[in-house]
Amino acid sequence: MRTSRYLLSTLKENPVEAVVDSHRLMLRAGLIRQVASGIYNWLPTGLRVLHKVEAIIREEMNKKGAIELSMPVVQPADLWRESGRYVKYGPELCRLNDRKQNEFVLGPTHEEVITALCRNEIKSARQLPMNLYQIQTKFRDEVRPRFGVMRGREFIMKDGYSFHVDHESLEQTYQDMYDAYTAIFTRLGLTFRAVEADTGSIGGNHSHEFQVLADAGEDTIAYSDESNYAANIEMAEALAPLESRGEAKDPYSKVPTPGCHTVDEAAKALKIESNQVMKSLLVRGEPDADGKYELIMLCLRGNEELNEIKAGKLPGVSNPLEFATDEEIFEFTGAHPGSLGPVGFKGRIIIDRNANIMSNFACGANEDGHHLINVNFDRDIPTYEVADLRNVVEGDPSPDGHGKILLRKGIEVGQVFMLGTKYSEAMGATVTDKNGKNIPMEMGCYGIGVTRVVAAAIEQHHDDKGIVWPDSMAPFTVGIIALGLGKSEEVKNASEKLYNELEALGVEVLYDDRDERAGVMFSDMELIGIPHVITIGAKGLAQGIIEYKNRRSGEKESIAADQILENIKAKLNI
Ligand code: ATP
Ligand code: MG
């Protein structure tokens, strides 16, 4: 590719809207341009990278016997009603009508469409297992699209779905996909961990996420310093503490805490540590058939964080977890958030395992501007349940009993789920088994965020000059910089010759023939992150020399001009 005939679109300045390195570099290197919030053009250089990622995904999926197909972005709302997700998916699901007022959605994922397809196409258990995938555009109306294509609204996903006669077969394919994902992310040159994960709105009962380790990640991974244990913090269990609760001392009493709305403010006013204050939060219970729900109090140690995923999974609690509004809270307790507490609370109370060993603690008095001190369980709070409600923190014991928990930030680039029969049952996707009985098929589903992978790779592979692509993802393999092309016939001839020879070998070359200043051409090559850069100038040629620079190592070499092709071929192993 000649830069003079190409849409290079590099930017000299850092775009102000980019807060993470990958977003900044994707804009500067001319990979993407925003069209609307969370919606992007992929410019030619970006598209070349995407194609590399897609090719590796296809190869590894095909190796495991998965078969590619293509399903529509626009999906009938009725299919989503069948699965029960039309309402449940919430505002992230973009709903629209056609001219006849038929209702549709923009597919955020394809369980419904594939299940509807396979209930018609797969009749007999003999056709199973079947593993189908596509690489296709998704739309999710994310609340907070950000970090460029890392969290877009329109993005490309590889999504795969498998169908099975029994759980054993599902387990086999799940393992195959786990292995395929491991191979894909390894070939892409990413440092990642597969971690135990929540199944979220996709559903099912067993899942792993593939997390690329990077500080810009939105997820937190908990892992053991001694064992293989690794889980998304959403899932990581906080074990019950070994210590037991201390003795109750003085009876509780009420003290004024005017203007204190947070645990820290209350602790300061009461001259105690925040871990001696009980944090009380009101959430909604699971709604009944009429949409009515109770309010439930969750209590944690003041210095610890509620884990909304774990709380949402407790029986009778809203899932996804919903907090009570300020009005609901006031109506139910007579106080506002910041002054709540379990003493005298009229509803269900759930205490975190760590909070359960507190004694003689402080909590809100359910009266604005007041707290209670010297509160104790049983004596002052007769009825309560105990559950795992908090986020694990570094230093906690690993739930598998080996070592201590450490935390790292991660970018979720893929997730595999065992769905079981959630969709096949709801949508009637059955086969006849060997006894002639109709049974719902077991299903698995497997996603990779193709566009997010590109951003995640840049987070891990860049320096102050720009992107440093892993070889497998680089948009071009070799860059040729022709210095003073307009002035020197020799430079022109040598550059054109090398360009043509490499192209003929099938090497992807970006040939900078713009006759720009040397500095501009160098910095563009480094910004785009081309692994091998060759510089041809009149001075060097006069001495029979061509310069080479390796983007990753930064090493420079002067190579005899008549050896340059052979030298590069050796570097590329061709
Ligand atoms: P997240 O927790 O990041 O919102 P998710 O768990 O909802 O993602 P999945 O349903 O598991 O996403 O989708 C499969 C993959 O698609 C994810 O692992 C991720 O790589 C990618 N993905 C999901 N949402 C987005 C998005 N808004 N922008 C880009 N990629 C996304
Ligand atoms: Mg996910």
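This dialogue walks through features of a predicted model, from the whole protein down to single residues.

Visitor: What are the ground rules for reading it?

Guide: The model is predicted: local features need pLDDT of at least 70, side-chain atom pairs count only at pLDDT 80 or more, and totals for chains, interfaces and linings use all residues. Residues are numbered from 1 along each chain as its sequence is written, chains are lettered from A and ligands numbered from 1 in the order in which they are written, and side-chain values use heavy atoms, with hydrogens and water left out.

Visitor: How many helices and strands does the protein have?

Guide: Helices (H or I, at least four residues) and strands (E, at least two) are DSSP runs, numbered from the N terminus. Here there are 15 helices and 30 strands. The C-alpha atoms fill a box of roughly 95 × 70 × 55 Å along the principal axes.

Visitor: What share of the residues is buried?

Guide: Buried means under 20% relative accessible area, exposed over 50%, partly exposed in between (1.4 Å probe, protein chains only). Of the 574 residues, 53% are buried.

Visitor: Which residues have the most contacts inside the largest nonpolar core?

Guide: A nonpolar core is a set of buried Ala, Val, Leu, Ile, Met, Phe, Trp, Tyr and Cys residues joined through side-chain atoms within 4.5 Å. The largest has 66 residues, and F185 and V454 have the most contacts inside it. A separate second core of 28 residues includes W80, I114, F163 and A429.

Visitor: Which residues of α12 are buried?

Guide: They are V491, S495, E496, L498, Y499 and L502. The arc is that of the directions from the helix axis to the C-beta atoms. These buried residues fall within an arc of 170 degrees, so they line one face of α12. On the other side, E489, E490, K497 and A504 are exposed. The buried residues pack against several elements, including β26 (478-482) and α15 (564-571).

Visitor: What sits at the ends of α12?

Guide: S488 caps the N-terminal end, with a side-chain oxygen 3.3 Å from the backbone nitrogen of E490. G506 follows the helix, and its phi is positive, near 85 degrees.

Visitor: Is T3 buried or exposed?

Guide: T3 is buried, because its relative accessibility is 4%. T3 lies in the segment before α1 (21-28). A polar contact is a pair of N or O atoms within 3.5 Å; within protein, one must be able to donate a hydrogen and the other to accept it, and residues adjacent in sequence count only if both atoms are side-chain atoms. The T3 side chain makes one with the side chain of D512 (2.8 Å).

Visitor: Which protein donors does the magnesium ion have?

Guide: Donors are N, O and S atoms within 2.8 Å of the metal (3.2 Å for Na, K and Ca); water is not among the atoms, so sites may look incomplete. For magnesium (ligand 2) they are E412 (OE) and Q415 (OE1), 1.9 to 2.2 Å away. E412 is partly exposed at 22%, whereas Q415 is buried at 9%.

Conventions: Contact = heavy atoms within 4.5 Å.
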